[in-house]
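Here is a short report on a ligand and its surroundings. Look at the structure first, then read on.

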Amino acid sequence: MIADNLQTIRKTITDTALNCGRDPSTIKLVAVSKRHPSASIREAMAAGQDLFGENYIQEAAEKYRTIGTGASFHFIGHLQSNKAKLAAELFTMIETIDRYKLAKTLHGHLEKLGKSLDVLVQVNIGRDPKKSGVLPEETEVLLKKIAPFSRLRIRGLMTMPPFTMDHNESRSYFKALRLLGLELGEKSLFFDNESIELSMGMSHDFPVAIEEGATIIRIGTAIFGERPLQQ
Ligand SMILES: *Cc1c(COP(=O)(O)O)cnc(C)c1O
């Protein structure tokens, strides 16, 4: 079932990208495996998927031990500073930098580890009080404050807008993130201002996100099915 789902999603990614004049290879699919067992990750790997997203550090660490190399993981959950060391060790990208203290702590661990890490800044584009992320108008200040942390390669922006099945509403959030990325890119606030990553779009709205410029989409349910409440 996971293989079929992946095939369907890949086809939708390709069709949507081509329909709006984008190169499908510029869109990375993060298979969000939170609360699903390692066996599901292996099943997806057998179907050619090698990039996964996890929200909980402890759970990810356990999976990392059973899966080993062969897959890479993005951290997409809320990161507490006291888990930053493990996060720096396990993930190839942390998508949820949203405050100075976290960036500072993470940078300290990266210095000790002698490595650099790709990160995204999470923006609360819908001003949802229940969601993490820096407010749109505070993003520039945060980017400038964390710019000296040279071991963080700030690749772009990530957002998780308020849930809605209304595609026009989703589109307005995705568009707002794209425009914010453009504006900040013009001020040279990213690692590579010619190619800014935009992580946006989930199971129910990823085609709209692709139309609005997503370069990373994060899909869980549509690949793995409903999440078990407890693993
Ligand atoms: C769980 C999660 C997803 C995946 O959501 P689905 O609706 O299952 O596709 C994407 N992004 C983040 C940040 C998540 O926490």
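In this predicted model, an N or O atom in the side chain of Ser 203 lies 2.5 Å from an oxygen atom of the ligand. That is a polar contact, a pair of N or O atoms within 3.5 Å. The table lists such contacts.

| Side chain | Ligand atom | Distance |
|---|---|---|
| Ser 203 | oxygen | 2.5 Å |
| Lys 34 | oxygen | 2.7 Å |
| Arg 218 | nitrogen | 2.8 Å |

The protein buries 92% of the 390 Å² that the ligand exposes when taken alone. Areas come from the Shrake-Rupley method with a 1.4 Å probe.

Around the ligand stand 13 residues, each with a heavy atom within 4 Å of the ligand. Lys 34, Asn 55, Ser 203, Thr 221 and Arg 227 are the closest. By class, this shell has six nonpolar, four polar and three charged residues.

The ligand takes up the space of the largest pocket. That pocket holds about 270 Å³ of space. It is lined by 15 residues, and Val 32, Lys 34, Met 160, Met 202 and Arg 227 are the closest to its centre. The lining divides into six nonpolar, five polar and four charged residues.

A pocket here is an open set of points on a 1 Å grid over the protein atoms alone, where a 1.4 Å probe fits, with protein on both sides within 12 Å along at least five of seven lines; lining residues have an atom within 4 Å of a point. A molecule sits in a pocket if more than half of its atoms lie within 2 Å of its grid points.

Residues are numbered from 1 along each chain as its sequence is written. Local features need pLDDT of at least 70, side-chain atom pairs count only at pLDDT 80 or more, and totals for chains, interfaces and linings use all residues, while side-chain values use heavy atoms, without hydrogens and water.

Notes. Polar contact = N/O pair within 3.5 Å; in protein donor to acceptor, adjacent residues only side chain to side chain. Nonpolar A, V, L, I, M, F, W, Y, C, P; charged D, E, K, R; others polar. Points joined across faces, edges and corners; volume = space filled by probe spheres on them.
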